[in-house]
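Thanks, everyone. Let me put the model up, and then we'll walk through it.

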Amino acid sequence: MNILPKKRWHVRTKDNIARVRRDEAQAAEEEKKLKMRIQLAEQETKLALLRNKSRQRYDDSADRPKETKSEELTHVNFFQDLEDGNVAHTGVNKEHEQEKKEEKEAYEKKVGYLTYLGQDTDEATGNVQWYNKKPKRLDLCKTDKEIETKVKTFNDPLIVMKKYVETDQKNSEKSKASIKTNDESPIKKHKKKHKKKEKKKEKVNDKNEKKLILEKLREKRLKREREERFRASQLLARMNGVIPVEVSKPQPKPTIVQKYNSQFNPYLAKQNYPTTNFN
């Protein structure tokens, strides 16, 4: 049985053994109380019977008229309902089941097994964390007023920031007011006209630049088409057995004649450029 002694559901753990013993002691105590109640009830009934008999014997019963007994006296039977069949033998003791259920729920809440939706550990266990409690130093004080408020407000950085923000807002309002007054001056109107003229010039320049770009692109396209036609004509001539005429392309002359092969920044050296003689 000592295979898994560390598991909570194991039978031989200390908690489970103590729990079983506690339940057994509770059941024995309840049974004892029930027996005492039964015994007390029997004693009371016996006393009542004896008192009735003694009254009938020793009281002056000859002078009194005899009373008709409606019911015959019988012994007390606590299980009359069970014998008559009014209560089923297989019934469940509701009070015992309710107590058992409440005890189980209390144990599970204490351990942490049973938690309801939206319930935290503090509500389940009934404990209050230290950050939810009032500090003891405030309980010792006579009043709940805050201490050293002037020093705290003086050293508070937010108050200093608010002062600077207010001054910045005032300066911005003054600058806006000055700008509004300057807008009505003739210098401002002249500047606006000058800006409009500059915008018109920029538009004209943009149009001219676009035209130049289109012309360059058109020249490149025409040149490419001429080269493709020449290549096609040469290919057809070779297929027909005619020797195509090869056109020698003029080699571009370098503007810079480098004096040394390994030379850094040859375009900066004067000796690489052709010299011109002036008579």
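**Fold, charge and salt bridges**

Start with the contacts, meaning heavy atoms within 4.5 Å. In the protein chain, of the contacts with a separation of 6 or more, 19% come from residues 24 or more positions apart.

Some housekeeping. This is a predicted model, where local features need pLDDT of at least 70 and side-chain atom pairs count only at pLDDT 80 or more, while totals for chains, interfaces and linings use all residues. Residues are numbered from 1 along each chain as its sequence is written, and side-chain values use heavy atoms, with hydrogens and water left out.

Now the secondary structure. The protein chain has eight helices and zero strands. Along the sequence the pattern reads α-α-α-α-α-α-α-α. These are DSSP runs, numbered from the N terminus: helices are H or I with at least four residues, strands are E with at least two.

Next, the surface. How many of the 279 residues count as buried? The figure is 5%. Buried means under 20% relative accessible area, exposed over 50%, partly exposed in between, using a 1.4 Å probe and protein chains only. The accessible surface of the protein chain is about 28900 Å². Carbon and sulfur atoms hold 55% of that surface. The areas come from the Shrake-Rupley method with a 1.4 Å probe; for residues, only the protein chains shown count as cover.

On to salt bridges: a side-chain nitrogen of Lys or Arg within 4 Å of a carboxyl oxygen of Asp or Glu. The whole structure has two. Which residue pairs with arginine 221? Glutamate 225 does, with the closest N and O atoms 3.2 Å apart. Both sit in helix 8, four residues apart, about one turn of the helix. Glutamate 225 also meets arginine 229, at 3.8 Å, N to O. Shared partners join Arg221, Glu225 and Arg229 into one network.

How accessible are they? Glutamate 225 is partly exposed at 28%. Arginine 221 is partly exposed at 37%. Arginine 229 is exposed at 53%.

Last, the lysines. Lys195, Lys196, Lys197, Lys199, Lys200, Lys201, Lys203, Lys207, Lys210 and Lys211 gather in a surface patch of positive charge. Patch residues have over 30% relative accessible area and no salt bridge, with like charges joined within 9 Å. Take lysine 203: it lies in helix 8, residues 186-240. Lysine 203 is exposed, at 57% relative accessible area.

Definitions and conventions:
Patch = residues over 30% accessible without salt bridge, like charges linked within 9 Å, V, L, I, M, F, W, Y side chains within 5 Å. Lys, Arg positive; Asp, Glu negative; His and termini not counted. Charge placed at Lys NZ, Arg CZ, Asp CG, Glu CD.
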